[in-house]
Amino acid sequence: MIVYKLAETEKKFADIIWDMEPIPSMELVRICEEKLHWKKSTTYTVLKKLCVRGIFQNENAVVTARISRDEFYAEKSRQFVQDTFHGSLPQFLTAFIGRKKLSKEQVDEMKRLIESYQEED
């Protein structure tokens with residue numbers, strides 16, 4: 001099971017991989033040394049942790065994502081709605097919108113989105 005949480009430094013690391021994949025592991029080490037000021041051992045430790053969690057893989061010294069950034073954040077969002085609003089999307093939207101007014105364009109866009117995902121009768 002994939003754990004859809006990333007610490008701030010893990011997020012920066014994941015973004016590097018998502019932006020540059022497929023990336024040779026030694027190139028990843030070099031970039032992490034430059035951008036994150038990590039040692040080689042730190043890069044490999046964090047990479048291994050995220051591979052075990054099912055987010056990335058390191059095969060033949062090439063690092064790739066097992067799930068895309070969009071898939072990761074979509075599932076993280078679903079988990080948030082489930083955990084915080086007992087899975088109720090309307091409760092989430094009510095809390096998210098709060099007392100703000102939506103423009104006609106925003107309402108129309110939301111209607112189109114909802115209709116595109118509506119179950120068939």
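Helices (H or I, at least four residues) and strands (E, at least two) are DSSP runs, numbered from the N terminus, and in this protein there are six helices and three strands. Read from the N terminus on, these elements follow the order α-β-α-α-β-β-α-α-α. The model is a predicted one, in which local features need pLDDT of at least 70 and side-chain atom pairs count only at pLDDT 80 or more, while totals for chains, interfaces and linings use all residues. Residues are numbered from 1 along each chain as its sequence is written, and side-chain values use heavy atoms, with hydrogens and water left out.

The overall dimensions come first. The C-alpha trace of the protein spans about 50 × 30 × 25 Å along its principal axes. Its radius of gyration, taken over C-alpha atoms, is 19 Å, whereas a compact globule of 121 residues would have a value near 14 Å, according to a globule rule of 2.2 Å times the number of residues to the power 0.38. The accessible surface comes to about 9100 Å², and carbon and sulfur atoms account for 54% of it; such areas come from the Shrake-Rupley method with a 1.4 Å probe, and for residues only the protein chains shown count as cover. Of the 121 residues, 28% are buried, where buried means under 20% relative accessible area, exposed means over 50%, and partly exposed lies in between (1.4 Å probe, protein chains only).

Two further totals describe the whole chain. If contact means heavy atoms within 4.5 Å, then among the contacts with a separation of 6 or more, 55% are made by residues 24 or more positions apart. The protein also carries 20 positive and 20 negative side chains, with the centres of the two sets 7 Å apart; Lys and Arg count as positive and Asp and Glu as negative, while His and the chain ends are not counted, and the place of a charge is taken as NZ of Lys, CZ of Arg, CG of Asp or CD of Glu.

A search of the whole structure finds nine aromatic pairs, a pair being rings of Phe, Tyr and Trp (its six-membered ring) whose centres lie within 6.5 Å, with planes under 30 degrees apart counted as stacked, over 60 as edge-to-face and the rest as tilted. The pair of Trp 18 and Phe 72 is tilted, because the ring planes stand at 50 degrees, with the ring centres 5.6 Å apart. This pair links distant parts of the chain, since Trp 18 belongs to helix H1 (residues 8-20) and Phe 72 to helix H4 (residues 69-85), 54 residues apart. Both Trp 18 and Phe 72 are buried, and together with Phe 56 and Tyr 73 they form one aromatic cluster.

The peptide bond from Glu 21 to Pro 22 is cis, with omega near -5 degrees, and Pro 22 lies in the loop between H1 and strand E1 (23-24). Thr 64, in strand E3, is 42 residues from Pro 22 in sequence, yet their C-alpha atoms are 5.0 Å apart. Thr 64 is buried at a relative accessible area of 18%, and beyond residues up to four places away in sequence it touches Glu 21, Pro 22, Phe 56 and Gln 57.

Ser 25 is placed in helix H2 (residues 25-35) and is buried, with a relative accessible area of 6%. Not counting residues up to four places away in sequence, Ser 25 touches Tyr 44, Asn 58, Ala 61, Val 62 and Val 63. Ala 61 itself sits in the loop between strand E2 (56-59) and strand E3 (62-65), counts as partly exposed at 44% relative accessibility, and has a phi near 65 degrees, a positive value in a residue other than glycine.

Most residues other than glycine have a negative phi, and most peptide bonds are trans. His 37 likewise has a positive phi, near 60 degrees; His 37 is found in the loop between H2 and helix H3 (40-52) and is exposed, with a relative accessible area of 69%.

Helix H4 also holds Val 81, which is buried at a relative accessible area of 12%. Leaving aside neighbours within four places in sequence, Val 81 is in contact with His 86, Gly 87, Ser 88, Leu 89 and Phe 92.
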